[in-house]
Amino acid sequence: METEVQREKPEILIVDDSPSNLRLLDEMLRSTGYVSRVVTNGNAALVAVRKSVPDLILLDIMMPGMDGYEVCRELKADPQFRRVPVIFLSAMTGAGAKLKAFEEGGVDYISKPFNLEELEARVRLHLMMSRKNWELERAHKRLQSLEELRDKLVHMIVHDMRNPLFTIDLLVENMTTPTMAETAKIQRGLDSIHGEVQRLLRMLTDMLDISRLEAGQMPLERVMGDLVEEARGVMESVMKSTRNAQMSLVAKEPVRVLYDPVIVQRVITNLITNGLKHAPSGQGLEIGVERLERSVRVWVLDHGSGIPEASRGTLFEVFSQLDSKQRKFGAGLGLAFCRMAVEAHGGKIGVESEMGKGSRFWFELPLGDSRGGN
């Protein structure tokens, strides 16, 4: 029941046809910090529960019309209410009455006349047990969700790794045939193999480093450096290794800041690689570095089709692309690594996109004490 975590005070429904019992129980519960509601018959109890699900029900058995057994049976037959603990209150003291109460789904049975201290203790106990059961159920559902995510991840990673491995196998096979005897063709084949191997290595490295960042086991080795030169170096490296890649750098001045060069290089590389997937043929990327008031922003702008607004909020989550039909972002590892790496630097990351005009992925690192120097 969601109400168990939302309410500051547990809400208890009292069902009894005796006005004196209702007053006594209502005063007792309110004085001990509970919120109570009272009804005088079984039908009214069902209406009250459907209107607002209580955290616990104190239920009389002998009432005109629908008795307490029937009320409990109705509640336990409905998945929405079956988890609400029901404590029976009755003047019936026989073993058969108690047995029937438990058979109908009651969690406890208190005979009238009751001791208020004992009743309050049992109410407190069953509320605590109900909350613990709810927490266990939520944890179980969370574990089930994680298991489903793991299975999807394994399937996705195997799928994403199979494609480059198939390409490598095909290239090696072709290089052994007479048609690949020319040196130029062999070199092109080797370049393609190198690119596919690098893609596999990036996937594996992202997976390992995401785990290390989540566990806080990846210390940063920060040095003072110029992010403009860092971006330029990454851009030139990607252009050398990526056929027909077109990029330009937008930067007015050097910007020096403390950062881990190896990690930030990978962040910029991931953002550029991601941008190249979306850049239309014949149009390149723009990579920018700009000084803000308290931070430095690095951004990568493509002129692609854009990202739907509903998808932007989860782009940087781990494996956020597992259910993507378009499969443009792979297994969702690269952008998740970028977010964790930037946040480890005390920075932030985001995306701005307009459908039909492209997307700008950006991250910011704090200038700190370095903002005055170049």
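1. Start at strand 10 (residues 295-301), where Arg-297 is the bridge partner of Glu-290. Strands here are DSSP runs of E, at least two residues long, and helices are runs of H or I, at least four residues long; both are numbered from the N terminus. The model is predicted: local features need pLDDT of at least 70, side-chain atom pairs count only at pLDDT 80 or more, and totals for chains, interfaces and linings use all residues. Residues are numbered from 1 along each chain as its sequence is written, and side-chain values use heavy atoms, with hydrogens and water left out.

2. Strand 9 (residues 285-291) and strand 10 run antiparallel, joined by six bridges. Two strands pair if DSSP finds at least two bridges between them. The two form a hairpin, with three residues between them.

3. Is strand 10 mostly covered or mostly open? Mostly covered: seven of its seven residues are buried. Buried means under 20% relative accessible area, exposed over 50%, and partly exposed in between (1.4 Å probe, protein chains only). Ser-295, Arg-297, Trp-299 and Leu-301 point one way, while Val-296, Val-298 and Val-300 point the other.

4. On its other pairing, strand 10 is joined to strand 12 (residues 358-366) by seven bridges, again antiparallel. Val-298 has Phe-363 as its bridge partner in strand 12. Strand 12 also runs antiparallel to strand 11, with seven bridges. There, Ile-349 stands opposite Phe-363.

5. Which order do the strands take in the sheet? The order is 7-9-10-12-11, in an open sheet of five strands with mixed pairing. Strand 7 (247-251) and strand 11 (348-354) stand at the edges; each has a single partner strand, so one side of each lacks a neighbour in the sheet. The twist averages 15° from one strand to the next. Angles run from 0 to 180 degrees between N-to-C directions, and axes are lines fitted to C-alpha atoms, for helices over the stretch in contact.

6. Two helices pack on this sheet. Helix 8 (residues 227-241) touches strand 7, strand 9, strand 10 and strand 12, and its direction makes about 175° with that of strand 7. Helix 9 touches strand 7, strand 9, strand 10 and strand 12, and its direction makes about 170° with that of strand 12. Contact means heavy atoms within 4.5 Å.

7. Helix 8 and helix 9 also pack on each other, at about 50°, with axes 10 Å apart. They are therefore oblique to each other. Angles under 35 degrees count as roughly parallel, over 145 as roughly antiparallel, 65 to 115 as roughly perpendicular, and the rest as oblique. The contact includes Val-234 and Val-238 of helix 8, and Ile-268 and Ile-272 of helix 9. By class, it has 10 nonpolar, two polar and one charged residues. Ala, Val, Leu, Ile, Met, Phe, Trp, Tyr, Cys and Pro count as nonpolar, Asp, Glu, Lys and Arg as charged, and the others, Gly among them, as polar.

8. Helix 9 (residues 261-278) packs with helix 11 (residues 334-344) too, at about 145°, with axes 9 Å apart. Among the contact residues are Val-267 and Leu-271 of helix 9, and Phe-337 and Cys-338 of helix 11. They divide into eight nonpolar, three polar and one charged.

9. One separate point concerns Gly-42. Gly-42 is found in helix 3 (residues 42-51). Gly-42 is buried, at a relative accessible area of 0%. Leaving aside neighbours within four places in sequence, Gly-42 is in contact with Met-63, Met-66 and Val-71. Its C-alpha atom is separated by 8.0 Å from that of Glu-70, 28 residues apart along the chain.
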